[in-house]
Amino acid sequence: MNEFTKRSNTTYQRLGSQRRPFLLLTDFEMIQPVIFSLDELDSSVLKYQFPQASNDPYMGAAPTVALQWETTYVSPRRYQKAFNQVQAGMHRGDSFLLNLTFPTVVQTNWSLEEVYWQTQARYKLWWKDNIAVFSPETFVRIAEGRIYAYPMKGTLHASHPLDQLLTDAKERAEHATIVDLIRNDLSQVANQVEVVRYRYGERIETTNGGLWQTSSEIRGILPMNFHRHLGNLLSSLLPAGSISGAPKPATLQLIRAAEGQPRGFYTGIAALWDGYGLDSCVMIRFLEKKGDTYRFWSGGGITAYSNWQDEYKELKEKVYLPVRAVVRG
């Protein structure tokens, strides 16, 4: 039993049953979950902006210092070694889709808080001296007794037409796999699970130009008393399928072996419960501070048909800030 599941039986269940609002952050490994009761959350320590709620809605002044952004990526040799481990596991039948990720060391003159203020995204978080998150990806939403998921899988630089992404055979297969996985995950906690919108494109503006990304919408109907078991509900869905892979248990073992380091809060989730509904995101597009070093994590889905050069290029393309106003030195 992991730490998240242990706490699911205590704190999360209690707050959910009492309909007390809270913000939950949990890491990918599910060993260091943190929960903040909203009536006690200090915005000088942690700020959040979700689509319908924020504890500090001030948008921040325009940047006065030109952004400096220098990157040191994981070496091609190290990435190829991990990629080959993944491919070997796939040929053994351990996995048929795996999200492979690595951190990029970043040198920047912006603080985590400045990054938080100057980026634009569906979900934003700043945790003092720890992380800044500017994620476009919803994990699950709960509203009026229904649960919704929006798995995001498939990325292409917007210098290419969206149709190139939508018709790519590898991307189509990868997206279909994730939709099937998330649909099965939701079926553990909900009834009448269905895909209501399949593989639609969205454009995201970045410091490196635009990116196309594809998502789908899946929904189901929750039991009447779901709030009494909110922690168990979330635990049964974690880690998010879109940033792990399928089948999930064996894929997670392969991820640990290939990446060789914990992800920490990168690709964990942030969940906001208002007492009746929940909104949550997958913490991708993620900058963390480790001592005096900044690390920006990124990655992508690997299948048996992938080649390491294309996947390595995608990892690098995702190291960007979706800024409100592009300011360069």
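1. Arg 197 lies over the face of Tyr 200, 3.8 Å from the ring centre. A charge is said to sit over a ring if NZ of Lys or CZ of Arg is within 6 Å of the ring centre and within 35 degrees of the ring normal. Another such case is Arg 263, whose charged end is placed over the ring of Phe 28, at 4.2 Å from its centre.

2. The model is predicted, with local features needing pLDDT of at least 70 and side-chain atom pairs counting only at pLDDT 80 or more, while totals for chains, interfaces and linings use all residues. Residues are numbered from 1 along each chain as its sequence is written, and side-chain values use heavy atoms, leaving out hydrogens and water.

3. The structure holds 13 aromatic pairs. Rings of Phe, Tyr and Trp (its six-membered ring) pair if their centres lie within 6.5 Å; planes under 30 degrees apart are stacked, over 60 edge-to-face, and the rest tilted. Strands (E, at least two residues) are DSSP runs, numbered from the N terminus.

4. Is Phe 296 buried or exposed? Phe 296 counts as buried because its relative accessibility is 0%; buried means under 20% relative accessible area, exposed over 50%, and partly exposed in between (1.4 Å probe, protein chains only). The rings of Phe 134 and Phe 296 have centres 6.0 Å apart and planes at 50 degrees, so this pair is tilted. Phe 134 lies in strand E8 (residues 131-135), 162 residues from Phe 296. Phe 134 is likewise buried, at 1% relative accessibility.

5. Trp 69 touches Val 106, Gln 107, Thr 108, Leu 287, Phe 296, Val 319 and Leu 321, not counting residues up to four places away in sequence. Contact here means heavy atoms within 4.5 Å. The C-alpha atoms of Trp 69 and Leu 287 are separated by 12 Å, with the two residues 218 apart along the chain.

6. A further aromatic cluster consists of Tyr 79, Phe 102, Trp 308 and Tyr 312.

Definitions and conventions
Helices (H or I, at least four residues) and strands (E, at least two) are DSSP runs, numbered from the N terminus.
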